[in-house]
Amino acid sequence: MNSAPAPAGPHVMLSTDTFSPASFMAAAHQGGARFLYYESDRFSAEAFAVIDPGDDDVEEHLDSEAKRKLKRIRRAAKSRHEQLSGIGMCFVADGVAHYWFEEAPWFCELQSQWEDFMTQYRVTEQLREEDEQARIDSEIARIAEELQDRPDFRAATKRSHHRDIARTAYPPPADADDEDLQRHQRVVDWATTQAAETVERAARRIYAAHELALQILAEEITHSGILAGATTVAARTLLIQDFLAAKSDGYAAPKRTIDLLLTKVQLLRPKKSNHPNTPDQLQLI
């Protein structure tokens, strides 16, 4: 009977090295089997040697040598289309199913060639993906480093400002399609995040040191007259921001440092000049 049952429960797989079709049928007869099941497989060249059924463009990424190998395998497969690739038989004796199956030598050879090709392709594909990731990582690192050196990026106080600066500085290519546009945007956004985090860490270190020297900074501000004529808190805050940024490679000062420094400055009184005709250097803030 055609269509042998699938192995389930107690069963035995008999080797083709031990049994030929004739000896297998003789064993079935000796075992008192009432039925002999038989099945056969026909080879389909169209379903063979398909790299990725869901991606029609995957073969475009193959190198020339891989394309030649794939073409040879498919040509050999086409010459075997609809040929018998394997036969199988089954009988049941004493409640145990006995199976025997043999594949055609040419089919085994084709399978071996295809497995070798796919192993090499997967290695090549993995290396290609690793190379692409390395290129992306390098591009992200480059953009991040360039952003960190920009005065406007260092001075920005919000992530939204960092993002706007980066997207303006690194616009997508004019001919980018949707996929290229998304990839470019991801690279710029990742680089922006890295750069912003680096800038924030550097600013924290710098201003932690400044806060240990607030008295010295306050005296410098007072005696230099930086705040002369600044009559509002907003104006004094902006002037101190600029003062601190100039001392900190352009890194934006946190509000805490500005508030602490303003408090120190307000507690200072300007020193009188020794010259009788010289007015006070600075009125109280």
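1. Start with a term. A residue counts as buried under 20% relative accessible area, as exposed over 50%, and as partly exposed in between. Glu200 has 30% relative accessibility, so Glu200 counts as partly exposed. Keep in mind that this is a predicted model.

2. Glu200 has a charged partner. Glu200 forms a salt bridge with Arg159, and the closest N and O atoms are 3.1 Å apart. Glu200 lies in helix 6 and Arg159 in helix 5, so the pair ties together parts that are 41 residues apart in sequence. Arg159 is partly exposed, with a relative accessible area of 36%.

3. Now a wider look at charge. Side chains of opposite charge can pair when their charged atoms come close. How many salt bridges does a search of the whole structure find? The search finds 13.

4. One of these salt bridges joins the side chains of Glu139 and Arg183, at 3.6 Å from N to O. Glu139 lies in helix 3 (residues 105-148) and Arg183 in helix 6, so this pair ties together parts that are 44 residues apart in sequence. Is Glu139 buried or exposed? Glu139 has a relative accessible area of 18%, so it is buried. Arg183 is partly exposed, with a relative accessible area of 24%.

5. Another salt bridge links Arg150 and Asp152 through their side chains, at 2.8 Å from N to O. Arg150 is partly exposed, with a relative accessible area of 30%. Asp152 is partly exposed as well, at 34%.

6. Asp175, Asp177, Asp178, Glu179 and Asp180 form a negative surface patch. Where does Asp175 sit? Asp175 is in the loop between helix 5 (159-169) and helix 6 (178-211). Its relative accessible area is 70%, so Asp175 is exposed.

7. Next come the rings. The structure holds nine aromatic pairs. Phe48 and Trp114 form a tilted pair, 6.0 Å centre to centre, with 45° between the planes. Phe48 lies in the loop between strand 2 (37-42) and helix 2 (64-78), while Trp114 lies in helix 3, so the pair ties together parts that are 66 residues apart in sequence. Both Phe48 and Trp114 are buried.

8. Trp114 also pairs with Phe117. Why is this pair called stacked? The ring centres of Trp114 and Phe117 are 5.4 Å apart and the planes are at 15°, so the pair is stacked. The cut-off for stacked is under 30 degrees between planes. Trp114 and Phe117 both lie in helix 3, three residues apart, which is about one turn of the helix. Trp114 is buried, with a relative accessible area of 13%. Phe117 is buried too, at 6%.

9. Step back from the single pairs. Which residues form one aromatic cluster? They are Phe43, Phe48, Trp106, Phe107, Trp114, Phe117 and Tyr121. Phe48, Trp114 and Phe117 from the points above are among them.

10. To recap, two pairs deserve a second look in the viewer. The tilted pair of Phe48 and Trp114 ties a loop to helix 3.

Terms used
Residues are numbered from 1 along each chain as its sequence is written. This is a predicted model: local features need pLDDT of at least 70, side-chain atom pairs count only at pLDDT 80 or more; totals for chains, interfaces and linings use all residues. Side-chain values use heavy atoms; hydrogens and water are left out. Patches are made of residues with over 30% relative accessible area and no salt bridge: like charges are joined within 9 Å, nonpolar side chains (Val, Leu, Ile, Met, Phe, Trp, Tyr) within 5 Å. Accessible areas come from the Shrake-Rupley method with a 1.4 Å probe; for residues, only the protein chains shown count as cover. A salt bridge is a side-chain nitrogen of Lys or Arg within 4 Å of a carboxyl oxygen of Asp or Glu. Lys and Arg count as positive and Asp and Glu as negative; His and the chain ends are not counted. The place of a charge is taken as NZ of Lys, CZ of Arg, CG of Asp or CD of Glu. Helices (H or I, at least four residues) and strands (E, at least two) are DSSP runs, numbered from the N terminus. Buried means under 20% relative accessible area, exposed over 50%, partly exposed in between (1.4 Å probe, protein chains only). Rings of Phe, Tyr and Trp (its six-membered ring) pair if their centres lie within 6.5 Å; planes under 30 degrees apart count as stacked, over 60 as edge-to-face and the rest as tilted.
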